[in-house]
Structures are given as structure tokens and as C-alpha cells.
Amino acid sequence: MALLEVNKLSKAFGGVKAVQNVSFSIDAGIVYSVIGPNGAGKTTLFNLITGVYTPSEGEIRLDGKEIAGAGPHTLARLGVARTFQNLQVCMNMTALENVMVGAHLRLDRNLIKAALRFPALRRRDGELRDEAAALMHFVGLDKYVAARADAMPYGALKRLEIARALAAKPRLLFLDEPAAGLNPKETIEVDHLVRKVADSGVTVVLVEHDMKMVMNLSDRILVLDYGKKLTEGSAAEVRRNPDVIAAYLGAHA
Amino acid sequence: MMNFRSPYLGLWLLVAVLAVLPFALPNAFYMDLAIRMAINAVIVLGLNLLIGFAGQISLGHAGFLGIGAYSSAVLTTHFNWHPAFAMAAGAAACAVLAALVARPIFKLKGHYLAMATLGLGIILTIVITNEGAWTGGPDGMPVPPFALFGFELYGEKHWYWVVAAVLAISVWASLNLIDSPFGRALRALHGSEVASQVVGVDVVRYKVAIFVLSAVFASLMGSVTAHYVGFVTPGVAGFFHSIELVTMVVIGGMASVYGSVLGAVLLTALPQALATFEGWETVAFGTILVFTMIFMPKGLVPTLAAKLGRKD
Ligand SMILES: Nc1ncnc2c1ncn2[C@@H]1O[C@H](COP(=O)(O)OP(=O)(O)OP(=O)(O)O)[C@@H](O)[C@H]1O
Ligand SMILES: [Mg+2]
């Protein structure tokens with residue numbers, strides 16, 4: 001059984017049909033990419049699967065269990081994590097705290113124990129601090145461990161979101177354009193980073209406009225166009241597909 | 001080695017000041033002022049957790065103070081309750097009311113809490129004013145002294161130490177809270193609601209929890225004020241008092257624990273300083289609020305901390 005199954009999923013915003021009747025499934029342990037021109041519905045698809053939007057129609061199954069309509073915090077419990085195309089970093093916190101928030105569900109979140117500074121809670125927080133610093137190291141942000149989030153450059157914030165998502169120890173990680181706005185060197189670093197994450201056993205779903213990166217990393221690719229599924233297949237298959245070349249690659253390459 | 005950047009350093013300073021203050025103050029008038037500063041500081045700490053840290057605005061917070069104050073007054077006077085139970089009952093009532101109001105509101109997107117709490121505060125003031133048989137109406141009512149284990153709290157000397165201890169503990173607890181999984185979740189939902197949701201924060205629950213907590217802080221301090229002053233009037237729950245509290249948060253600094261204390265201290269002293277301009281306090285508060293928003297939107301403590309090149 002596939003880890004994630006999406007069946008006839010649709011989402012309309014008023015008259016705009018952002019996602020229409022899209023079906024696909026993702027096996028555990030692979031890198032699965034979603035590509036398509038601007039406005040094709042990639043981010044909307046991510047928002048639907050991660051519970052940020054409620055589908056207009058269709059089913060989403062994680063491990064065979066229906067999750068369509070469940071809220072994002074419920075999905076987080078089931079091992080789903082994500083990053084955002086338009087940065088969603090908490091600028092009122094330090095970089096390290098942003099990563100620590102990622103581990104929210106793995107901690108004792110009791111208010112009273114926190115206010116009274118229970119030793120067990122403090123000890124766990126200390127461990128978490130080290131864990132978060134290690135994650136920042138893992139994504140290549142060593143030099144920002146003591147930084148405030150609002151003092152970090154764009155490229156670093158993109159990676160900070162990845163570190164935060166990883167802090168949740170997810171099974172299924174959605175990355176929405178992790179290389180957007182990065183320079184070529186940073187893009188290659190993110191490419192390697194995604195590889196490392198995938199190799200660590202996390203199933204990765206990637207939206208990215210950088211075709212080299214997509215072709216490099218993906219086991220399978222879903223192509224969306226105007227909210228509809230154009231095709232789906234291995235990197236080689238997608239690259240050869242004449243519809244894809246016409247709709248997407250042709251326009252960009 | 002001592003960590004000079006530790007946020008707890010300020011707490012020790014506060015404790016030291018609180019410990020020597022009664023010996024430095026010339027008379028009961030200043031003791032009274034210090035007590036009222038400390039009471040306000042505790043309320044503002046709770047309110048800042050809601051406004052500054054969680055990013056939710058309450059414009060009717062004095063309503064919860066009113067519930068606490070009048071629970072203490074009415075239950076002890078008319079029903080012969082022990083003051084401690086009356087105080088607890090007021091706090092419990094505030095907790096239930098806050099949760100009932102907040103839960104449906106936080107399910108909506110947007111800043112509806114401000115509107116709802118504004119209405120709540122006004123309704124409470126009207127109820128207190130109109131239920132004259134129980135509350136003494138606009139004239140207010142006397143409150144019996146607070147006694148615990150046969151020891152009666154009486155006068156500035158007693159109350160000062162109670163209130164000072166409560167303040168120090170509240171500052172300590174607030175510092176603990178904001179640097180904990182709960183506190184980080186709270187700040188995260190303010191920083192990015194959707195990001196906090198996708199890491200598993202149940203934002204409605206957290207917003208309700210902090211609103212309830214701040215309401216309980218207010219209620220307890222309302223009870224303390226009632227017993228300390230020995231008299232309550234409907235003004236305690238009034239709109240102006242709510243605005244005063246929000247102004248203290250804004251001036252001291254949103255999301256700043258020490259800012260809460262400083263804001264409360266400064267604005268509690270202000271009416272004394274303006275005593276000759278009786279009746280103009282409201283205008284002064286409004287003006288200060290506007291100028292702070294324009295020239296120092298982060299408030300005093302965060303702005304000063306930034307100037308001194310360290311985080312608060
Ligand atoms: N919250 C929303 N309200 C209304 N319309 C929306 C909303 N979100 C997305 N849309 C619309 O849905 C369509 C798909 O948008 P989406 O952001 O999913 O595209 P995308 O494939 O991620 O594009 P890009 O590559 O530019 O990120 C667009 O026409 C967009 O305007
Ligand atoms: Mg997008």
C-alpha cells in the first residue's frame with residue numbers, strides 16, 4: 001500500500017478551479033516531485049494534503065486512513081511536515097527557537113509545569129536545544145545558531161524552515177520551492193540537502209521550478225497544468241512526454 | 001560563572017528593589033502607590049502574555065478584575081464565604097467565562113476578540129451598576145478584610161509584602177513560561193499561525209488557554225485590590241480601566257516581561273504626577289498611547305534593550 005493516496009482531489013476558490021480531479025499515489029521512501037507552470041495548483045495541492053485548506057471534493061489517504069478535511073495540527077501528529085513557498089518563519093523568535101518549535105509534539109507542553117520550571121521539562125528543553133543546533137548544522141546553518149530569525153538572509157531562512165520541519169521527525173515532508181530565490185551555489189547545497197533528507201528515510205514531496213534539481217532528485221514526477229494532472233511518471237518518462245514539453249519545459253527551457 | 005545575559009538577572013534586581021523599597025519610602029501614601037503599581041504589574045504581565053506574546057487583544061480585561069473584586073465583595077458580605085473561597089470562586093468564574101467567550105471567537109479568523117471583550121467589559125459594568133441590591137450600584141460596596149489561618153491582612157505594611165511576593169513569583173513564572181514548549185508555541189502562533197499549525201500547535205487551544213490564564217490573573221488581582229482597598233466601585237471593571245491596562249502593555253513593551261512591570265509602574269504613577277490636572281488623565285493616556293505607537297511601537301523596554309545592543 002502506498003504511503004499517500006490522493007483520489008479525485010479538487011479545490012475551487014470561487015470560480016477558480018485551482019486543483020481539478022487530481023489522483024496519484026506516493027510510495028514510502030521516494031522523492032516525489034510536483035511540477036507545473038505558475039498557477040498550476042502545486043501550492044494548493046500541498047495546502048490540501050497538509051490540512052491548510054479543506055478539499056472541495058476528493059479523498060486523501062495516509063496509510064490507508066482518510067485524512068481529507070483534518071486540520072494541520074492533526075496531520076502533524078500523523079508525521080506530515082512541510083515548508084512554505086512564501087516564508088513562514090517566526091520573526092519574533094530566534095533561529096534556534098524556530099527549529100525547537102518544530103519539535104512541539106514531541107515535548108511536554110503542560111502550562112503549569114512550564115510556569116513552575118519543572119526540572120524534567122528544563123532538562124528536555126536543554127536536550128532539545130542541542131538537537132535543534134545539530135539540525136541547523138545538518139542544513140548548513142551553523143553560523144546562525146545564535147541569530148535572531150529577523151536578522152537572517154533569505155537563503156538561510158529557506159533552510160531554517162527545512163530544519164524546523166525536520167525537528168518534527170516527519171515521515172512525509174513537503175518542500176514548496178526550497179530553492180526559489182537562491183543563487184546557484186545555494187541551490188546545489190539545497191539539492192544535496194534534500195538528497196540527505198531522503199536518504200535518512202523521509203519520504204519527500206518536492207515542488208520546484210529548478211528542472212535540474214527536479215530531474216536529479218526525483219524518483220517520480222507529477223505534472224500539473226491549470227489544476228489538472230497532465231501526466232505522471234519517472235523523470236525520464238516525463239522529460240520525453242510531448243505534452244509536458246509543450247506546456248511546461250518548452251516554455252521554461 | 002554568572003550569565004549576564006540571562007533574563008532572570010532582572011528578576012533578582014526586582015526582588016532586591018522590592019525588598020528595600022518599604023524602608024526607603026517616606027510614608028503610607030507611597031506604600032499605597034507601590035502596592036497599586038505591583039498589583040497592576042501582575043495584571044499587565046498576564047495581559048502581555050495574551051497581547052504581546054500570543055498577539056491577541058482584549059479590550060475588556062478590567063471586566064475580569066471586576067468579576068474578581070465583586071466576587072470577593074459579594075460572596076463574603078452577603079453569603080459569609082471565607083475570602084479565600086470567594087477569591088477562588090471569582091477566578092473560576094472568570095476562567096469559565098473566558099473559555100466560553102474565547103472558544104467560538106478563536107475559531108473565526110481575524111481580530112474578533114477585541115470586539116467581544118469590549119462588549120463583555122461593558123456588559124459587566126452595566127450588570128454591576130444595575131444590581132444595586134447586591135453590589136451597592138454606582139456607589140460601590142465595602143469589602144471585609146482578608147484573613148487566612150486567623151491572621152488578618154491589614155494596612156499597607158501587610159499588603160505590601162503579599163503583593164511584592166506575588167509580583168516576584170509572577171515575573172518568575174512568566175519568564176519560565178515564555179521559554180518553554182508552551183511559551184514557544186504561543187509565540188510561534190503569533191509569528192506565523194500557519195507555521196505553528198503545521199508543526200502541530202492546536203492554535204485555538206493555545207489562544208483559549210492564554211486568554212483564560214490572563215483572565216484568572218486579572219480576577220485574582222481584582223480580589224486582592226478589593227480586600228486591600230476595602231471598597232469596590234463599578235469603575236474597576238470599566239472601559240477606561242481596560243484601556244489603561246492595554247496602554248501599560250504597549251508602553252512597557254509588547255512581549256516583554258520587564259516591560260510589563262515598567263509600563264505598570266510608570267502609568268500607575270502618572271495620575272499622581274498629573275494630580276493638578278484632575279480629569280485629564282484620560283487624555284494623557286490617549287496621547288501617550290498614540291505617541292508610543294508612532295515613535296516607539298515596540299515599547300520602552302524592547303526599544304532600550306535594542307539601543308543597548310542586547311535582547312531583553
Ligand atoms: N487562497 C486562495 N484564494 C483564491 N485563489 C487562490 C488561493 N490560493 C491559490 N489560488 C489560485 O489558485 C491557482 C493555483 O495557485 P497555486 O498557488 O496553487 O499555484 P502554484 O502552482 O503553486 O504556482 P507557483 O508556481 O506560482 O507557486 C491560482 O490561480 C491562484 O491564484
Ligand atoms: Mg506555489
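Predicted model: local features only at pLDDT ≥ 70, side-chain atom pairs only at ≥ 80, totals over all residues.
**Entry 1: the magnesium ion**

I began with the magnesium ion, ligand 2, and found that A:T43 (through OG1) and A:Q85 (through OE1) coordinate it at 1.9 to 2.0 Å. I noted that donors are N, O and S atoms within 2.8 Å of the metal (3.2 Å for Na, K and Ca), and that the site may look incomplete because water is not among the atoms. Residues are numbered from 1 along each chain as its sequence is written, chains are lettered from A and ligands numbered from 1 in the order in which they are written, and side-chain values use heavy atoms, with hydrogens and water left out.

I then looked up where the two coordinating residues sit: A:T43 is in helix α1 (residues 42-49) of chain A, and A:Q85 is in the loop between β6 (80-82) and α3 (95-102), 42 residues apart. Helices (H or I, at least four residues) and strands (E, at least two) are DSSP runs, numbered from the N terminus. I found A:T43 partly exposed at a relative accessible area of 25%, and A:Q85 partly exposed at 33%. Here buried means under 20% relative accessible area, exposed over 50%, and partly exposed in between (1.4 Å probe, protein chains only).

**Entry 2: ligand 1**

Which residues are the closest to ligand 1? Of the 15 residues that surround ligand 1, the closest are A:G39, A:K42, A:T43, A:T44 and A:Q85, where a residue counts as near if one of its heavy atoms lies within 4 Å. I saw that α1(A) gives the largest share of this shell, 3 residues, and that β2 (16-26) and α1 of chain A each supply at least two.

I looked next at polar contacts, which are pairs of N or O atoms within 3.5 Å. Oxygen atoms of ligand 1 lie 2.7 Å from a polar side-chain atom of A:K42, 2.8 Å from one of A:Q85, and 2.9 Å from an N or O atom in the side chain of A:N38. The protein covers 64% of the 630 Å² of accessible area that ligand 1 has on its own, with areas from the Shrake-Rupley method and a 1.4 Å probe.

**Entry 3: aromatic pairs**

I found 13 aromatic pairs over all chains; rings of Phe, Tyr and Trp (its six-membered ring) pair if their centres lie within 6.5 Å, and planes under 30 degrees apart count as stacked, over 60 as edge-to-face and the rest as tilted. One of them joins A:F24 and A:Y32, stacked at 5.5 Å centre to centre with 20° between the planes. I noted that A:F24 is buried at 7% relative accessibility, and that A:Y32 is buried at 0%.

B:F146 lies in strand β2 (residues 146-148) and B:W159 in helix α7 (residues 155-178), 13 residues apart. B:F146 is buried at 9%, and B:W159 is buried at 3%.

**Entry 4: backbone angles**

Most residues other than glycine have a negative phi. I therefore wrote down A:K169, with a positive phi near 50°, which lies in the loop between α6 (154-167) and β7 (172-176) of chain A and is exposed at 55% relative accessible area.

How values were computed: Polar contact = N/O pair within 3.5 Å; in protein donor to acceptor, adjacent residues only side chain to side chain.
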